[in-house]
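The following paragraphs lead the reader through a protein structure, beginning with a single residue and widening to the whole chain. Please keep the sequence and the model in view while reading.

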Amino acid sequence: MDCIFCKIVNKELPADIVYENENVLAFKDIHPKAAVHILVVPKIHIESINSENSENIVGDLILAAKNIIKRDNITGYKLLFNIGREGGQMVDHLHMHLLAGNPS
Ligand SMILES: [Zn+2]
């Protein structure tokens with residue numbers, strides 16, 4: 001399967017990983033839109049929020065984000081999902097943007 005995020009999860013492609021647990025991997029966006037711009041992805045391949053049962057994994061993504069912001073002393077932040085090309089989703093592997101700090 002030619003999925004860039006699956007390859008990052010499988011450590012076949014390098015990424016600046018900032019958090020990992022059993023279900024979730026988080027790494028820095030290579031094109032940051034803010035001082036902190038982290039992508040939080042499920043380790044299993046799910047295409048998008050539109051996919052069946054995606055809601056079962058979203059809680060894990062949010063919990064990972066909460067662990068990251070607590071660890072890194074981030075007090076204000078945004079969590080963002082882009083869904084579909086017209087919604088700005090560029091990679092067809094469900095991911096959540098964690099954004100904080102000034103736009104860069
Ligand atoms: Zn994938």
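G59 counts as exposed, because 10 other C-beta atoms lie within 10 Å of its own, and a residue is exposed when that number is 12 or fewer. The model under discussion is a predicted one. G59 sits in helix α2, which covers residues 55–71. Between G59 and Y77, which are 18 residues apart along the chain, the C-alpha atoms are separated by 17 Å.

The secondary structure of the protein chain consists of two helices and five strands, and their order along the sequence is α-β-β-β-α-β-β. Along the principal axes, the C-alpha atoms occupy a box of roughly 35 × 30 × 25 Å. A compact globule of 104 residues would have a radius of gyration near 13 Å, and the protein chain has 13 Å, so the two values agree. Of the 104 residues, 21% count as buried. Among contacts between residues at least 6 apart in sequence, 59% join residues at least 24 apart.

The 17 residues of α2 should span 24 Å at 1.5 Å a residue, and the end C-alpha atoms of α2 are 25 Å apart, which agrees. Which residues of α2 are buried? They are I57, L61, A64 and A65. Seen down the axis of α2, these buried residues fall within an arc of 100°, and they therefore line one face of the helix. On the other side of α2, the exposed residues are E55, N56, G59 and K70. The buried residues of α2 pack against β1, β2, β3, β4 and β5.

The loops on either side of this helix each contain a residue with a positive phi. N53 is found in the loop between β3 and α2. Although N53 is not a glycine, its phi is positive, at about 65°. N53 is exposed, since 7 other C-beta atoms lie within 10 Å. Beyond the helix, N73 lies in the loop between α2 and β4. Just after α2, N73 takes a positive phi of about 55°, and N73 is likewise a residue other than glycine. N73 counts as exposed because it has 6 C-beta neighbours inside 10 Å.

The strands may now be followed through their pairings. Strand β1, residues 17–20, pairs with β2 in the antiparallel sense over three bridges. A hairpin of three residues connects β1 to β2, and I17 stands opposite F27 in β2. On to the next pairing: β2 and β3 run antiparallel and are joined by five bridges, with K28 opposite I38 in β3. Strand β3 also pairs with β5, again in the antiparallel sense, over five bridges. There, the bridge partner of H37 is L99 in β5. Strands β4 and β5 pair in the antiparallel sense over three bridges, and L99 in β5 is the bridge partner of K78.

Terms used. Residues are numbered from 1 along each chain as its sequence is written. This is a predicted model: local features need pLDDT of at least 70, side-chain atom pairs count only at pLDDT 80 or more; totals for chains, interfaces and linings use all residues. Helices (H or I, at least four residues) and strands (E, at least two) are DSSP runs, numbered from the N terminus. A residue is buried if 20 or more other C-beta atoms lie within 10 Å of its own, exposed if 12 or fewer, and partly exposed in between; C-beta atoms are placed from the backbone. Two strands pair if DSSP finds at least two bridges between them. The radius of gyration is taken over C-alpha atoms; the globule rule is 2.2 Å times the number of residues to the power 0.38. Two residues are in contact if their C-beta atoms, placed from the backbone, lie within 7 Å. The expected span of a helix is 1.5 Å times one less than its number of residues. The arc is that of the directions from the helix axis to the C-beta atoms.
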